[in-house]
Amino acid sequence: VGGKRPFGYEVVKIKSSKGYTLQQIPQEARIIRQMYDWYLYEGVGCAVIANRLNALGVTTYNGHTWDAGSVRSSLNQPVYAGYVQWLKREEKVTMQDGQRVITRPKSDRYILVKGLHQGIVTPEEWERFRELAASRRVIAHVDNKHIANPLAGLIKCGLCGYAMTRRP
């Protein structure tokens, strides 16, 4: 297990063996389960889920409020179906203007295997989320390159600092 822990799990040492695994944090796991239930069985979108979580006072494990992107990103994680992935964001080193630049682009060629931990949802539910999310995806740009919102990226929330989003 590398990087930050996923919401709903804690990293624990495997007893009498090398390595680490994930163990569910019951309160957080219930929240993840509820997020999937809202999305899959009530037909609620990620923005509404984020609003519900924020209204309930639920924050991410580092204390941030939820937004549609963080909900979508969380639900899209294979860890919740009991899988672990490797090499999803492999480091690439390039030279730009004589400086060494390290980037971590997303890769389509990564390793996905069944983990030692228990999933919060079934693999079928996780796959169903991915299919529904892909079918509900909205293209962010218009073919004729017309800017629908001339204030895009300029207006920030005075409370949290996040960029405001146009919702026609």
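Trp86 is exposed, with a relative accessible area of 56%. Exposed means over 50% relative accessible area, buried under 20%, and partly exposed in between, with a 1.4 Å probe and protein chains only. The model is predicted: local features need pLDDT of at least 70, side-chain atom pairs count only at pLDDT 80 or more, and totals for chains, interfaces and linings use all residues. Residues are numbered from 1 along each chain as its sequence is written, and side-chain values use heavy atoms, with hydrogens and water left out.

**The surface patch**

Trp86 sits in strand E3. Strands (E, at least two residues) and helices (H or I, at least four) are DSSP runs, numbered from the N terminus. Together with Val84, Leu87, Ile111 and Val113, Trp86 forms a nonpolar patch on the surface. The accessible area of these residues together is about 430 Å². Strand E3 (83-86) and strand E6 (111-114) each give two or more residues to the nonpolar patch. Patches take residues with over 30% relative accessible area and no salt bridge; nonpolar side chains (Val, Leu, Ile, Met, Phe, Trp, Tyr) are joined within 5 Å, like charges within 9 Å. Accessible areas come from the Shrake-Rupley method with a 1.4 Å probe; for residues, only the protein chains shown count as cover.

**The chain as a whole**

The protein chain has 4 helices and 6 strands. From the N terminus on, the order is β-β-α-α-α-β-β-β-β-α. Of its 168 residues, 26% count as buried. The accessible surface of the chain is about 12100 Å², and 54% of it belongs to carbon and sulfur atoms. A contact means heavy atoms within 4.5 Å. Among contacts with a separation of 6 or more, 51% are between residues 24 or more positions apart.

**Helix H3**

Ala68, Val71, Ser74 and Leu75 are buried in H3. They lie on the same side of H3, because they cover an arc of only 135° around the axis. That arc is taken from the directions from the helix axis to the C-beta atoms. The buried residues of H3 pack against helix H1 (26-41), helix H2 (46-55) and helix H4 (123-136).

Ser74 belongs to helix H3 (residues 68-75). Ser74 counts as buried because its relative accessibility is 14%. Leaving out residues up to four places away in sequence, Ser74 touches Met35, Tyr36, Trp66 and Tyr80. At the start of H3, a side-chain oxygen of Asp67 comes to within 3.1 Å of the backbone nitrogen of Gly69.

**Salt bridges**

The whole structure holds 4 salt bridges. A salt bridge is a side-chain nitrogen of Lys or Arg within 4 Å of a carboxyl oxygen of Asp or Glu.

| Pair | Closest N and O atoms |
|---|---|
| Arg5 and Glu28 | 3.0 Å |
| Asp37 and Arg33 | 2.7 Å |

Arg5 and Glu28 link distant parts of the chain, 23 residues apart. Arg5 is in the segment before strand E1 (9-13), and Glu28 is in helix H1. Arg5 is partly exposed at 22% relative accessibility, while Glu28 is buried at 14%.

Asp37 and Arg33 both lie in helix H1, 4 residues apart, about one turn of the helix. Asp37 is partly exposed at 24% relative accessibility. Arg33 is partly exposed, with 22%. Glu125 lies in helix H4 and Arg33 in helix H1, so this pair ties together parts 92 residues apart in sequence. Glu125 is buried, with a relative accessible area of 13%. Through shared partners, salt bridges join Arg33, Asp37 and Glu125 into one network.

Note on methods: Polar contact = N/O pair within 3.5 Å; in protein donor to acceptor, adjacent residues only side chain to side chain.
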